[in-house]
Number of protein chains: 2
Amino acid sequence: MSEVHMARRSRLRDRPAADEATAVLVSAPANLRYLTGCAPPGAALLLAPDGRDTLVTRQDGRPGPSLPPDLGDALRVHALPGPDAEPVAVAAGLAAAARAAVLAVEEHHLTVARHRVLAAAAPRLRLADLGCAVERQRLVKDDEEIAALRIAAEITDQALGELLESILVGRTERHLALELERRLIDHGAERPAFPTSVATGRHSGLAGHVPSDLRVEEGDFLTVRLGASYRGYRCRIGRTFVIGTAPADWQIRLYDLVFTAQRAAREALAPGTEYRAVDRAARQLLEAAGYGGALGPAVGAGVGLEIGEDPALSPAAVGKLDACVPVTVEPGVHLPGRGGVRIDDTLVVRSLSDGGPELLTITTKELLAL
Amino acid sequence: MSEVHMARRSRLRDRPAADEATAVLVSAPANLRYLTGCAPPGAALLLAPDGRDTLVTRQDGRPGPSLPPDLGDALRVHALPGPDAEPVAVAAGLAAAARAAVLAVEEHHLTVARHRVLAAAAPRLRLADLGCAVERQRLVKDDEEIAALRIAAEITDQALGELLESILVGRTERHLALELERRLIDHGAERPAFPTSVATGRHSGLAGHVPSDLRVEEGDFLTVRLGASYRGYRCRIGRTFVIGTAPADWQIRLYDLVFTAQRAAREALAPGTEYRAVDRAARQLLEAAGYGGALGPAVGAGVGLEIGEDPALSPAAVGKLDACVPVTVEPGVHLPGRGGVRIDDTLVVRSLSDGGPELLTITTKELLAL
């Protein structure tokens, strides 16, 4: 893998805004992982103008849980002795020593306090903002990244499928969430991609519901949202079921509406489509049905090393989809006091000639009565 | 609870460095929770010079999972419509409108980018650093906080106790960790206080070990580290066991050494003791035995709304313990390739006349052969 990371660092070094006097300092954990394969706590990666890459860590530099053995020869590890040394400050000193004139840092990640320590460590260095250059580079995924996402989705579908075969009535949201997480691990996830959400009855359809001691009852809508992380790559699935054999009319109507909106957003996914157009495809259907206010701020977002990374598929987002960008499509409607529906999928944007959007989370979206 | 939070906000407003022209902006999540009882993502709390407290959130302001119903009349909620509004910037505008001259912000939490947006929103406001004023206020816990920690520790002891009664040989670290987390929830934890670590054989004794697919074998050292979060308050226990009936000589010697060092640090806990003296008590014993390099950067740290909050019990820490400060004592030694021992407890500092340090995590520290 170290060649992949080296190539990514070269691309960052060769970014359009780059010049020879500018060194780059990366500190956001997902960006570190993308560029080196690891993200030790508090570490910083320096790309110096002399072509040398240095990972400054607080650890002892030996391979371990957060420092893999295959960092490659092209990446030096500079390990700091104690907890008080600040990796970003040491990296700034290295940049100055390598005759950089400017150091571009991640201002959206560095705190004001760390930025000040960094500035004091290399007073003659001019500090600039790298902005989201690494995040932008992460938008379009390569084949290996998409392969990891496919496996993450497969694990997720398996975990969810097993749950559907078990008895649900009488069990609490909390226990169902834990069981789903256990099944994710059973099938090879390194961890859940995000905290598993199980929401029954009046909680169903809520976006960020934290599982409670509420028990599943006959007639409930049950919303589950889960995802596996595999080799750092995270996906999301969300499904809503009816408990018992006969969904009520309002449940069927609400489900059909959310399903139709979700399908519209999925079908809007294509290279060249504006981010906001994907949101609009779902949002206008929900608004027309009187549920516009129930929809969250975005109908979906990019996934990869993070859940909810760029792009946001929201009304205010500016930009167009590219091929090989994996995103979620996750509309939902929650009616206070009654419950609601969420349906989430992870897909990869593909051109029509490549078969259109590739659905990674393939569990059925029929309204199952469990 | 809202009176408790109001009293805490009053104390922050009346802090020694305060003056009448200075408004305070709190953004670190644990500090928000301490001062309001909740911490919606991205929210900011403004204590204006006119005595009004406002929580600026990105949510709709209705009670929900992250916004409890009992915020109290003394706290206004200012809910922003969309995801693009920046709560800290809106709060800065409110501070300016309330005729503050200075706004003290948490520079150790705010990113450079958020700080810039905030400054642009209220250009006539002078920005200052609040520093760790709230963290300092959180150091000494009140009775309710300590009661929550006691329950968290009780839950943790129960979960660990049940694991010890089950068969361990042949099971993977990952599965044991998941089972421990399930048991924490079973006994009433809202969530694990931190990712449960299970480390067997050559992994045992590592501080931050992420559970792997390695299976527990006869003769292994097995280190488990877990903790419950109860009402937001987090504790930590760590124990090391031997699998099988006859620990090897090196295992007995290493265990006795770590146990002796851990006891020395526990016994050093008293009001007025320097933080570094607690570290030294354990460290000098390990150094004398030739394992000084194996010890991490600190022998323990404060616990409360966070694991590893202030104070750090480290060689470089400056300050003295107070009564009613809960801390962990968690030394460990890991021998590469062989394994090692960690023993972690959560205790509350008490004066001798109050019976000395109060041990919250009461699971035995004898070397059990399981």
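Reply: A residue is buried if 20 or more other C-beta atoms lie within 10 Å of its own, exposed if 12 or fewer, and partly exposed in between, with C-beta atoms placed from the backbone. This is a predicted model, in which local features need pLDDT of at least 70, side-chain atom pairs count only at pLDDT 80 or more, and totals for chains, interfaces and linings use all residues. Residues are numbered from 1 along each chain as its sequence is written, while chains are lettered from A and ligands numbered from 1 in the order in which they are written.

Me: Where is Phe259(A) found?

Reply: Phe259(A) belongs to helix H8 of chain A, residues 249–268. Helices (H or I, at least four residues) and strands (E, at least two) are DSSP runs, numbered from the N terminus.

Me: And what does Phe259(A) touch?

Reply: Not counting residues up to four places away in sequence, Phe259(A) touches Ile343(A) and Lys365(A). Two residues are in contact if their C-beta atoms, placed from the backbone, lie within 7 Å. The C-alpha atoms of Phe259(A) and Gly332(A) are separated by 9.1 Å, and these two residues are 73 residues apart along the chain.

Me: Let us turn to the whole chain. How many helices and strands has chain A?

Reply: Chain A has 9 helices and 19 strands. Its radius of gyration is 23 Å, close to the 21 Å that the globule rule gives for 370 residues, so chain A is as compact as a globular protein of that length. The radius is taken over C-alpha atoms, and the globule rule is 2.2 Å times the number of residues to the power 0.38. Along its principal axes, the C-alpha trace of chain A spans about 70 × 40 × 35 Å.

Me: What share of chain A is buried?

Reply: Buried residues make up 49% of the 370 residues in chain A. Among contacts between residues at least 6 apart in sequence, 68% join residues at least 24 apart.

Me: Which residues have the most contacts inside the largest nonpolar core?

Reply: They are Leu25(A), Leu46(A), Leu25(B), Leu46(B) and Ala95(B), in a core of 210 residues. A nonpolar core is a set of buried Ala, Val, Leu, Ile, Met, Phe, Trp, Tyr and Cys residues joined through C-beta atoms within 7 Å. Leaving out residues up to four places away in sequence, Leu25(A) touches residues including Leu46(A), Val88(A) and Leu103(A).

Me: How many residues are in contact between the two chains?

Reply: In this model, 24 residues of chain B are in contact with 24 residues of chain A. H7(B) gives the most to the side of chain B that touches chain A, with 5 residues. Of the interface residues of chain B, 100% are also interface residues in chain A, so the copies meet through the same surface.

Me: What about H7 in chain A: is it mostly covered or mostly uncovered?

Reply: H7(A) is mostly covered, since 10 of its 14 residues are buried. Those buried residues pack against H7 of chain B, together with elements of chain A that include helix H6 (143–164) and strand E9 (221–226). After H7(A) comes Gly188(A), whose phi is positive, near 110°.

Me: Which peptide bond is cis in chain A?

Reply: The bond from Asp310(A) to Pro311(A) is cis, with omega near 0°. Pro311(A) lies in strand E14, residues 307–313 of chain A. In chain B, a cis peptide bond joins Asp310(B) and Pro311(B), with omega about -5°.
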